[in-house]
Amino acid sequence: MLNERDSLLFETDVCLGENLGNKTRNGDHKTPEGKFSIMSIENSSRWPDFDGKFRASYGPWFMRLKMPKFRSIGIHGTNEPESIGTRASMGCVRLHNDKVLELKKYVKVGTPVEIIAEGVDYTLPRAH
(Lines give C-alpha, C1' and ligand atoms only; values in the text may rest on other atoms or scores of the structure.)
Protein backbone atom coordinates (compact mmCIF):
# COMPACT_ATOMS: atom_id res chain seq x y z
CA MET A 1 0.00 0.00 0.00
CA LEU A 2 1.34 3.42 -0.97
CA ASN A 3 0.45 6.75 0.55
CA GLU A 4 -0.20 9.89 -1.51
CA ARG A 5 3.56 10.52 -1.69
CA ASP A 6 4.24 7.04 -3.14
CA SER A 7 5.90 5.91 0.10
CA LEU A 8 5.35 2.32 1.15
CA LEU A 9 2.83 2.25 3.99
CA PHE A 10 1.87 -1.41 4.25
CA GLU A 11 3.09 -4.67 2.74
CA THR A 12 2.20 -8.27 3.50
CA ASP A 13 2.07 -11.75 2.02
CA VAL A 14 -1.33 -12.90 0.79
CA CYS A 15 -3.16 -16.00 -0.37
CA LEU A 16 -4.86 -15.78 -3.77
CA GLY A 17 -7.28 -17.99 -5.68
CA GLU A 18 -6.09 -21.56 -6.09
CA ASN A 19 -6.35 -21.37 -9.90
CA LEU A 20 -4.22 -19.07 -12.05
CA GLY A 21 -5.76 -16.53 -14.39
CA ASN A 22 -8.36 -13.81 -14.19
CA LYS A 23 -11.76 -14.65 -12.69
CA THR A 24 -14.39 -15.23 -15.38
CA ARG A 25 -17.19 -17.01 -13.52
CA ASN A 26 -18.37 -17.90 -10.03
CA GLY A 27 -16.77 -21.07 -8.76
CA ASP A 28 -13.62 -20.92 -10.90
CA HIS A 29 -11.44 -20.31 -7.81
CA LYS A 30 -9.56 -17.49 -9.53
CA THR A 31 -8.81 -14.07 -8.08
CA PRO A 32 -10.11 -11.25 -10.30
CA GLU A 33 -7.50 -8.96 -11.79
CA GLY A 34 -8.00 -5.27 -12.44
CA LYS A 35 -8.80 -1.98 -10.75
CA PHE A 36 -11.53 -2.00 -8.12
CA SER A 37 -12.39 -0.16 -4.93
CA ILE A 38 -13.43 -1.11 -1.44
CA MET A 39 -17.24 -1.18 -1.42
CA SER A 40 -17.72 -1.97 2.28
CA ILE A 41 -15.77 -2.97 5.37
CA GLU A 42 -17.73 -5.58 7.30
CA ASN A 43 -17.17 -7.23 10.67
CA SER A 44 -16.81 -10.89 9.67
CA SER A 45 -15.69 -12.24 13.04
CA ARG A 46 -18.91 -14.24 13.52
CA TRP A 47 -19.77 -15.13 9.92
CA PRO A 48 -20.70 -18.77 9.28
CA ASP A 49 -19.10 -20.76 6.47
CA PHE A 50 -21.00 -21.85 3.39
CA ASP A 51 -22.31 -24.89 5.27
CA GLY A 52 -23.63 -22.75 8.15
CA LYS A 53 -20.92 -23.81 10.62
CA PHE A 54 -18.74 -21.22 12.33
CA ARG A 55 -15.01 -21.64 11.75
CA ALA A 56 -13.81 -18.01 11.69
CA SER A 57 -12.86 -18.53 8.04
CA TYR A 58 -13.00 -14.82 7.18
CA GLY A 59 -11.09 -13.49 10.17
CA PRO A 60 -12.05 -10.22 11.85
CA TRP A 61 -12.82 -8.05 8.78
CA PHE A 62 -14.05 -8.50 5.21
CA MET A 63 -13.25 -5.64 2.84
CA ARG A 64 -15.73 -6.23 0.02
CA LEU A 65 -14.50 -5.18 -3.41
CA LYS A 66 -16.71 -3.34 -5.86
CA MET A 67 -16.51 -5.17 -9.14
CA PRO A 68 -18.84 -6.03 -11.96
CA LYS A 69 -20.36 -9.53 -11.90
CA PHE A 70 -18.92 -10.62 -8.53
CA ARG A 71 -20.28 -9.47 -5.15
CA SER A 72 -18.56 -11.97 -2.88
CA ILE A 73 -14.90 -11.15 -3.54
CA GLY A 74 -12.98 -9.37 -0.83
CA ILE A 75 -9.87 -9.00 1.25
CA HIS A 76 -10.15 -10.78 4.57
CA GLY A 77 -8.42 -12.73 7.31
CA THR A 78 -8.32 -16.49 7.66
CA ASN A 79 -8.50 -19.43 10.03
CA GLU A 80 -5.87 -21.12 7.85
CA PRO A 81 -2.74 -19.00 8.39
CA GLU A 82 -0.63 -21.68 6.72
CA SER A 83 -2.33 -20.76 3.42
CA ILE A 84 -0.72 -17.31 3.32
CA GLY A 85 1.89 -17.21 0.58
CA THR A 86 0.07 -19.88 -1.44
CA ARG A 87 -2.80 -20.16 -3.89
CA ALA A 88 -5.60 -21.75 -1.89
CA SER A 89 -8.58 -19.39 -1.77
CA MET A 90 -11.81 -19.55 -3.73
CA GLY A 91 -10.93 -16.16 -5.25
CA CYS A 92 -10.64 -13.76 -2.34
CA VAL A 93 -7.42 -12.23 -1.06
CA ARG A 94 -6.54 -13.71 2.36
CA LEU A 95 -4.25 -12.09 4.89
CA HIS A 96 -3.09 -13.06 8.36
CA ASN A 97 -5.67 -11.76 10.84
CA ASP A 98 -3.24 -9.35 12.46
CA LYS A 99 -2.43 -7.92 9.02
CA VAL A 100 -6.14 -7.40 8.28
CA LEU A 101 -6.39 -5.42 11.52
CA GLU A 102 -3.40 -3.33 10.46
CA LEU A 103 -4.69 -2.81 6.90
CA LYS A 104 -8.06 -1.65 8.21
CA LYS A 105 -6.31 1.38 9.75
CA TYR A 106 -5.28 2.58 6.28
CA VAL A 107 -8.34 1.94 4.11
CA LYS A 108 -11.92 3.16 3.91
CA VAL A 109 -14.87 2.70 1.60
CA GLY A 110 -13.78 3.96 -1.81
CA THR A 111 -10.07 3.17 -1.41
CA PRO A 112 -8.75 2.05 -4.82
CA VAL A 113 -7.46 -1.52 -5.07
CA GLU A 114 -5.56 -2.98 -7.98
CA ILE A 115 -5.13 -6.72 -8.26
CA ILE A 116 -2.35 -7.62 -10.65
CA ALA A 117 -1.33 -11.03 -11.94
CA GLU A 118 0.75 -11.96 -8.91
CA GLY A 119 -0.39 -9.68 -6.13
CA VAL A 120 -2.44 -6.78 -4.87
CA ASP A 121 -1.61 -3.07 -4.82
CA TYR A 122 -3.56 -0.57 -2.73
CA THR A 123 -2.88 2.99 -3.81
CA LEU A 124 -4.45 5.81 -1.87
CA PRO A 125 -5.67 8.73 -3.99
CA ARG A 126 -3.31 11.64 -4.34
CA ALA A 127 -4.15 14.90 -2.60
CA HIS A 128 -4.91 17.68 -5.09
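How many bridges join β2 to β3, and do these strands run parallel or antiparallel? In this predicted model, six bridges join the two strands, and the pair runs antiparallel.

**Strand pairing around β3**
- Serine 37 has lysine 66 of β3 as its bridge partner.
- β3 also pairs with β4, residues 74-76, through three bridges.
- This second pairing is antiparallel too.
- Glycine 74 of β4 stands opposite arginine 64.

**The largest nonpolar core**
- The largest nonpolar core holds 18 residues.
- Met63, Leu65, Ile75, Val93, Leu95 and Leu103 touch the most other members.
- Two or more residues each come from β2 (34-43), β3 (61-66), α1 (97-104) and β7 (112-116).
- Nonpolar side chains tend to be buried together in soluble globular proteins.
- Beyond its neighbours within four places in sequence, leucine 65 is in contact with Ser37, Ile38, Met39, Phe70, Ile73, Gly74, Ile75, Val113 and Ile115.

**Threonine 31**
- Threonine 31 sits in the loop between β1 (16-17) and β2.
- Its relative accessibility is 5%, so threonine 31 counts as buried.
- A polar atom of the threonine 31 side chain lies 2.6 Å from the backbone nitrogen of glycine 17.
- The side chain of threonine 31 also reaches the backbone oxygen of glycine 91, at 3.0 Å.
- Leaving aside neighbours within four places in sequence, the contacts of threonine 31 include Leu16, Gly21, Asn22, Lys23, Ser89, Cys92, Val93 and Ile115.
- Val93 is among the core residues that touch the most other members.

Conventions:
Residues numbered from 1 in each chain as written. Predicted model: local features only at pLDDT ≥ 70, side-chain atom pairs only at ≥ 80, totals over all residues. Heavy atoms only, no water. Core = buried A, V, L, I, M, F, W, Y, C linked by side-chain atoms within 4.5 Å. Buried < 20%, exposed > 50% of the residue type's maximum accessible area, 1.4 Å probe, protein only. Helix = DSSP H or I, 4+ residues; strand = E, 2+ residues; numbered from the N terminus. Contact = heavy atoms within 4.5 Å. Pairing = 2+ DSSP bridges. Polar contact = N/O pair within 3.5 Å; in protein donor to acceptor, adjacent residues only side chain to side chain.
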